[in-house]
Amino acid sequence: MPVSIVQDGTLCFSYEDSGALDGPYTTFVMVHGTGFHSGIFSPMIQFAAANRVRLILLNRRDYPGSTPFSDTELAELGSPDLETRAKALAQQGIDVGLFLAWLVREEKLPPVSTDRNGQQQGGIVLVAWSLAHTPLAGFLAHIDALPDDALRALEPCLRSYCIFDSPHGSFGLQTPSEYNPLVDSTYPMEQRVPRFYSWVSAYYTHSELARKTHDPALLDTTPPPYPPPPCAHPATLDVMAPASLEALSWPGPIQGSEALLHGMPLSLTFEQTRRMLFDEDLGSVLPRCKVILLWGENTLWEMEREAVGQVCRTLEIVEIPGANHFPHWDEPEAMIRFLNSVV
């Protein structure tokens, strides 16, 4: 995998690259959630070129090839001092912003342009799947912390930030249910992981009213039965080949840095949301960049509620028809086309 170097050689990100194309194309930087490295997006690669897309599959800190967190950094992410913790959280997004600027310069990515039909093409789109939004939100929430040269590199290229099926806590909002198989003490630990896999990747049927109103109280929060019964649309991870599941899984950070991100105080993640969407001064920095909330029609109940208030960036909320939490694995070609259609 290629490796980027930011911050004077002290911080590296590894990534997989589908490759440059001739002529204009759009670059999607896909960032994974908890417990899976960037290979979870790999089925999309074979469909990238035909859709004028370049895929950059980025590994976050503590995942293969990228710089692990130091003990000091982990202590700051979990500090009882909220100011220290907020600064450490913000830095995660700032670092990704530096990576994007490095990528634009290093790969000479095509800027945003308009085709003969008046449609946007080119540019770069950052996609944060699942928990990735918690560390990545600081990119726009603290866009003013990026150095001038990074902002100059991003200005002609940065097109959208897609928040892809991220949990309520990433936005600083209360979850509609506290249930999570990983912390269900009624089962021994060896039984919790397969139950979690079924739960997180199942296809749920939410009411039409819940989907229209984005009211968490109306969501289907019933855990799926386990073992799962035969059904027309089984959970993604229940039917994934065991060898693939093992190859894609990266459980090491779950009890370390990922636990700290999962447990981030809602006051801090809410403040990131406020700065990202509602701060007028920050909204004037790289103003072309819009925010897109993507959620699956059949995802688990952690889908996001609608933002309320006068936003300072273009904000769009888009449902992915028929999708659970893993459409990039179950329907990779459709997912690339969908992303192309909404950014």
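This is a predicted model: local features need pLDDT of at least 70, side-chain atom pairs count only at pLDDT 80 or more; totals for chains, interfaces and linings use all residues.
Reader: How many residues line the largest pocket, and which lie nearest its centre?
Author: The lining has 47 residues. Nearest the centre are Asn-180, Leu-182, Phe-196, Trp-199 and His-262. The elements giving two or more residues to this lining are α6 (189–201) and α10 (257–262).

Reader: Which element gives the largest share of that lining?
Author: That is α6, with six residues.

Reader: And how do the lining residues of the largest pocket divide into nonpolar, polar and charged?
Author: There are 25 nonpolar, 18 polar and four charged residues.

Reader: Next one. What volume has the second largest pocket?
Author: About 290 Å³. Its lining counts 14 residues. Gln-119, Gln-120, Gln-121, Arg-159 and Asn-340 lie nearest the centre.

Reader: Which elements give two or more residues there?
Author: β6 (120–121) and α14 do. The largest share, three residues, is from α14. By type, the lining of the second largest pocket holds four nonpolar, seven polar and three charged residues.

Reader: Let's stay with α14. Which of its residues are buried?
Author: Helix α14 spans residues 332–342. Its buried residues are Pro-332, Met-335, Ile-336, Phe-338, Leu-339 and Val-342. Down the helix axis they fall within an arc of 165°, so they line one face of α14.

Reader: What covers the buried residues of α14?
Author: Several strands and a helix are among the cover. The strands include β3 (26–31), β4 (53–58), β8 (158–164), β9 (290–296) and β10 (315–320). The helix is α13 (327–330).

Reader: Switching to cavities. How many of 30 Å³ or more does a search of the whole structure find?
Author: Two. The largest cavity has a volume of about 110 Å³.

Reader: Which residues are closest to the centre of the largest cavity?
Author: Arg-60, Arg-61, Phe-69, Gln-92 and Pro-135, out of 13 lining residues.

Reader: Which helices supply at least two residues each to that lining?
Author: α2 (82–107) and α3 (133–136). The largest share, three residues, comes from α2.

Reader: Last one. How many lining residues of the largest cavity are nonpolar, polar or charged?
Author: Nine are nonpolar, one is polar and three are charged.

Technical notes
Residues are numbered from 1 along each chain as its sequence is written. Side-chain values use heavy atoms; hydrogens and water are left out. Buried means under 20% relative accessible area, exposed over 50%, partly exposed in between (1.4 Å probe, protein chains only). Helices (H or I, at least four residues) and strands (E, at least two) are DSSP runs, numbered from the N terminus. The arc is that of the directions from the helix axis to the C-beta atoms. Contact means heavy atoms within 4.5 Å. On a 1 Å grid over the protein atoms alone, a cavity is a set of points where a 1.4 Å probe fits but cannot get out, and a pocket is an open set with protein on both sides within 12 Å along at least five of seven lines; lining residues have an atom within 4 Å of a point. Ala, Val, Leu, Ile, Met, Phe, Trp, Tyr, Cys and Pro count as nonpolar, Asp, Glu, Lys and Arg as charged, and the others, Gly among them, as polar. Grid points are joined across faces, edges and corners, and a volume is the space filled by probe spheres set on the points.
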